[in-house]
Amino acid sequence: MITAWPAPDWCDDHGANNTCYITRFKACGIFAADVTVHDVRTGRVTGKMHYLAIAYAYSDHSIERWAHQVELVQVSASGDAKGSSANGKGTCKGKGKVNDGKFPSQKTGQDKEAVEQFLCDTTIKARPKGDKGNGTGTAHWKFTNPRWAAPCRDHPRTWCRLMIGGRPGYS
């Protein structure tokens, strides 16, 4: 089980409005999403899930790493969406690479949150001085359920484009 890092109090000041808020070393937002389960033979809807993705990234001036976290919080589920699990991975593009990441399969429910955490390290060299670049951390996840023939599609999310360099910042 992965324990979620506490997101800043200001993260939910605006509710689930699908917006990323950024300070110098923190980025956070709450995003609403849905999963609809269809019978592939008939097209009939057999289940639905409404969930929130709480995205949080942070660093500080003394390290060359951004920590990323996504909490998937089920708000409601019906039919064949009940009893689903989530799993995934984090990726870093540009001037960053994943140092460590974990998102093993975890059951979701109104009393269970699936949590993904990954770390992006800068690949920018300390010399020459002033070297800069952009890097993007993206969380990927999908839901599975024993009642489904296949997992639902990948849910990649890049909420905030963050600049990484000798000292983390934002763009």
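View 1. Strands here are DSSP runs of E with at least two residues, helices are runs of H or I with at least four residues, and both are numbered from the N terminus. The model is predicted: local features need pLDDT of at least 70, side-chain atom pairs count only at pLDDT 80 or more, and totals for chains, interfaces and linings use all residues. Residues are numbered from 1 along each chain as its sequence is written, and side-chain values use heavy atoms, with hydrogens and water left out. From the N terminus on, the elements run β-β-β-β-β-β-β-β-β-β. The protein chain has 171 residues, and 43% of them count as buried. Buried means under 20% relative accessible area, exposed means over 50%, and partly exposed lies in between (1.4 Å probe, protein chains only). The protein chain exposes about 9400 Å², of which carbon and sulfur atoms supply 50%. These areas come from the Shrake-Rupley method with a 1.4 Å probe; for residues, only the protein chains shown count as cover. Take the contacts between residues at least 6 apart in sequence: 58% of them join residues at least 24 apart. A contact means heavy atoms within 4.5 Å.

**View 2. An open sheet of 6 strands.** The strand order is β1-β2-β3-β4-β8-β6, with antiparallel pairing. Two strands pair if DSSP finds at least two bridges between them. At the edges stand β1 (21-22) and β6 (96-102), each with a single partner strand, so one side of each has no neighbour in the sheet. β6 runs antiparallel to strand β8 (residues 114-122), and 6 bridges join them. Val98 has Cys120 as its bridge partner in β8.

**View 3. The hairpin of β2 and β3.** Strand β2 (residues 26-38) is joined to β3 by 13 bridges, and the two run antiparallel. The bridge partner of Lys26 in β3 is Tyr58. Between the two strands lie 6 residues. Gly43 in the turn has a positive phi of about 80 degrees. On to the next pairing: β3 and β4 are antiparallel and share 12 bridges. Ala53 stands opposite Leu72 in β4.

**View 4. Gln69 in strand β4 (residues 65-79).** Gln69 has 2% relative accessibility, so it counts as buried. Its side chain makes a polar contact of 2.8 Å with the side chain of Gln117. A polar contact is a pair of N or O atoms within 3.5 Å; within protein, one must be able to donate a hydrogen and the other to accept it, and residues adjacent in sequence count only if both atoms are side-chain atoms. Leaving aside neighbours within four places in sequence, the residues in contact with Gln69 include Ala4, Trp5, Tyr56 and Val115.

**View 5. Aromatic pairs, 3 in the structure.** The ring centres of Tyr51 and Phe143 are 5.0 Å apart and the planes are at 65 degrees, so this pair is edge-to-face. Tyr51 lies in strand β3 (residues 45-58) and Phe143 in strand β9 (residues 134-144), so the pair ties together parts 92 residues apart in sequence. Both Tyr51 and Phe143 are buried. Tyr56 and Tyr58 have ring centres 5.3 Å apart and planes at 25 degrees, so they are stacked. Rings of Phe, Tyr and Trp (its six-membered ring) pair if their centres lie within 6.5 Å; planes under 30 degrees apart count as stacked, over 60 as edge-to-face and the rest as tilted. Tyr56 counts as buried, at 6% relative accessibility. Tyr58 is partly exposed, at 28%. Trp5, Tyr56 and Tyr58 form one aromatic cluster.

**View 6. The disulfide of Cys11 and Cys28.** A disulfide is a pair of cysteine sulfur atoms within 2.5 Å; the count comes to 2 disulfides. In this one, the S to S distance is 2.0 Å. The link is left-handed, with -75 degrees about the S-S bond. Cys11 lies in the segment before β1 and Cys28 in strand β2, so the pair ties together parts 17 residues apart in sequence. Cys11 is buried at 4% relative accessibility, and Cys28 is buried with a relative accessible area of 0%.

**View 7. The disulfide of Cys92 and Cys120.** The sulfur atoms are 1.6 Å apart. This link of Cys92 and Cys120 is left-handed, with -75 degrees about the S-S bond. Cys92 lies in strand β5 (residues 85-94) and Cys120 in strand β8, so the pair ties together parts 28 residues apart in sequence. Cys92 is buried, with a relative accessible area of 15%. Cys120 counts as buried at 6% relative accessibility.
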